[in-house]
Amino acid sequence: MNGYYSGVEAMFDNGRKNICVILCEAAAHYQEQVCRTLTSYARDKGYNLAYFTFFVCYGVYTKNGMGEANIINLVPYENFDGFIICHDTIQNKQAVKQIFAYIKERTRKPVVTLRRAWEDYPCILAENKGAIKEIVQHFVDVHHFDRIAFFSGPKDHPDAITRLADYKEGLASRGIDYDEKYVFYGDFWRKLSKEAAQYFITKLPEIPQAVVCANDYMALSLCNELVNFGKIVPKDIAVSGFDDIWEATINMPPVTTVTMPVEKMSELAFETLERMMNGGDVPRVQTLRTVPVIRDSCGCQGMDMETAVRKRVRQSQEYEKILDLIRYNTYTFVEMSDVQRAQELVNHTRLLEVEDNYIKNFFICLGEGEGRQHPKYCSEKNGYPKQSQAVGAAVNGAILQTETAVFDTSDLLPREAVEQEPMIYYFFPLHNLNITFGYFAISYEGTHSCGKSFHSWLAILGNVLENMRLRQKTNALLDELNNMYVHDVLTGLLNRRGFEINSQEFYEKSRTEKRTLAIISIDMDNLKIVNDKFGHKQGDIALQTIGKAILHAAEPGDICARIGGDEFSVAGMDYNEQKAQGFVEKFDEYLEKFNRDSGRPYLVGASCGWYLVSAFHGISLEAAIVKSDEHLYETKREKKKDHRDCVLREKEA
């Protein structure tokens, strides 16, 4: 079988060769046709197929556009056996340059470009030239028009340049002078159609008899805008398009256009790539002819009523499906707003609830990074993390509760996804604006692919991940603030506030559970002398040493605090006189070892006192602390009396 390796391990781990396809707007009419054809060919021939695709609905060079285009950095170029690049669908010119730069740097595998040439790579082209010329000639020869306007694409777009030149040739072939005033430059989309209609109706010396449009999207929206100006197509103005998208066939009236042999082009691209992978020679350029399709928008009767009705019914069904998707997306957004963990996302995707979704498998793959909870990885830089994890999945059309093992991102899918049959997957970026979290991998039954509103669903998922990230960040800041609120920055022990809160809880617990509570008071000896003679930095070291000695002597669960200046307190449960004395001995041992080994010109010392609150004693916590302090001061007086509180070593004294 052509798609199989001989002894070479494939990227998807099923022994088949892997083909990479890069394109933008997979749900658009042309791209959908390309994907259906390539998918069908790959399944028949036994190849794995990976589509890397993104959307530009929210801008090309915006932060969101950069986050979308980052998908090109997910591609493990060195792991593929061949590439089909549809770079004419990608408006981000820098991204296009980067794709081909990566291919040159990281692989020597064959590349075929579709519908537009790039350097010396073999390409499959549609003959742009000639078809619009024939449309112009049709308007002149059949309808006897001599005022024919042109609704062009962007001035610098190669297709727009070619089609404008074709329009000019059509006029010249019928002896009609070209007039720049009859050209309006659009965007190959619907946004400028209102301005175009206004220009053609109100700004020209005479209203055109026909408008030739450089693509169908502009033609369709122009038809609608002309109605708003009181002009009916084709009664008042004839209109034609280019590309023969499905919407052009269901428009009222159906649009005269130019059909592009997309299926033949796509199949030829795959056949060419296959020959190259097998070491065969291929032509540098292969071109398929485009053909005018005459329909009602030019004034001809091009479609019978039965066909028009069938297409209208299909249109109605498509719109109903889109409305359902919008509703599901709205529900998804509302439900996901309360999701706390990334692993819960899969329960609220709602993708599988949409009628005729054709979804086979999908995986929500998030990057591995710092942190205990996803999203662990989020970055504004181009690229993806080295490792990822599928935090949710659907397998064979059913939600799968899974937390798969971490896998190398270059493998694209976890091992659970591996199948022996050809694997066809679409890979989309998961991001919020230009912050990348990971990617979404999805496969469909048959030759189906994503729907028209899929981009909005992905945007919802990205927004939810960003909300999770911000919530984690906020919680971390709150934890830090709470920690600062009750902890001493210098020693890491609790501060006075923290001791008061926690010791009160201990006190109540000791009374309820009839257990003995110990309050231990500690005061550092001669902190002022250390500060004055050796500096406050050394004083801080001494205080930190006291804190470490306390932690060394304390039992697990004891409350240890620096309550201010050189004063420290400890509260512990189930103490007796022997255990309290043991605390002091361990505390003193730590300081003795420090003083012996530190080499500092001063000695760190402290005085301790304690008070035991019996389970049956009625004394308050405040009174117990006072009694513990009294014991401390008694100890301190005895040390001064016996000169045991000396802070300086002998050589410094």
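User: Which exposed residues does α3 carry on the face turned away from its buried side?

Analyst: Helices are DSSP runs of H or I with at least four residues, and strands are runs of E with at least two, both numbered from the N terminus. Relative accessible area sets the classes: buried is under 20%, exposed is over 50%, and partly exposed lies in between, with a 1.4 Å probe and protein chains only. On the face of α3 turned away from its buried side, the exposed residues are Lys93, Gln94 and Glu105.

User: What kind of model is this?

Analyst: Residues are numbered from 1 along each chain as its sequence is written, and side-chain values use heavy atoms, with hydrogens and water left out. Local features need pLDDT of at least 70, side-chain atom pairs count only at pLDDT 80 or more, and totals for chains, interfaces and linings use all residues; the model is predicted.

User: Where do the buried residues of α3 lie around its axis?

Analyst: The buried residues in α3 are Ala95, Val96, Ile99, Phe100, Tyr102 and Ile103. They cover an arc of only 150° around the axis, the arc being taken over the directions from the helix axis to the C-beta atoms. This arc puts them on the same side of α3.

User: Which elements are included in what covers the buried residues of α3?

Analyst: Contact means heavy atoms within 4.5 Å. The cover over the buried residues of α3 includes β1 (18–24), α2 (63–69), β3 (82–85) and β4 (111–114).

User: How far apart are the end C-alpha atoms of α3?

Analyst: The expected span of a helix is 1.5 Å times one less than its number of residues. Helix α3 (residues 93–106) has 14 residues and should therefore span 20 Å. The distance between its end C-alpha atoms agrees with this, at 20 Å.

User: Which residue caps the N-terminal end of α3?

Analyst: A polar contact is a pair of N or O atoms within 3.5 Å; within protein, one must be able to donate a hydrogen and the other to accept it, and residues adjacent in sequence count only if both atoms are side-chain atoms. At this end of α3, a side-chain oxygen lies 3.1 Å from the backbone nitrogen of Gln94. The residue that provides this oxygen is Asn92.

User: Which residue is the bridge partner of Leu366 in β18?

Analyst: Two strands pair if DSSP finds at least two bridges between them. Strand β13 (residues 359–367) has nine of its nine residues buried, and β13 pairs with strand β18 (residues 435–444) in the antiparallel sense over seven bridges. In β18, the partner of Leu366 is Gly438.

User: Which residue is the bridge partner of Cys365 in β14?

Analyst: Strand β14 (residues 387–395) runs antiparallel to β13, and six bridges join the two. In β14, the partner of Cys365 is Ala390.

User: What is the separation between the C-alpha atoms of Gly572 and Ser379?

Analyst: Gly572 is found in strand β21 and counts as buried because its relative accessibility is 1%. Leaving aside neighbours within four places in sequence, Gly572 is in contact with Phe506, Thr516, Leu517, Ala518 and Asp558. Ser379 is 193 residues away along the chain, and the two C-alpha atoms are separated by 46 Å.

User: Is Glu25 buried or exposed?

Analyst: Glu25 is found in the loop between β1 and α1 (29–45). Its phi is positive, about 60°, although Glu25 is not a glycine. At 17% relative accessibility, Glu25 counts as buried.

User: What is the omega of the peptide bond that joins Val233 and Pro234?

Analyst: Pro234 lies in the loop between α7 (216–228) and β9 (238–240). The bond joining Val233 and Pro234 is cis, and its omega is about 5°.
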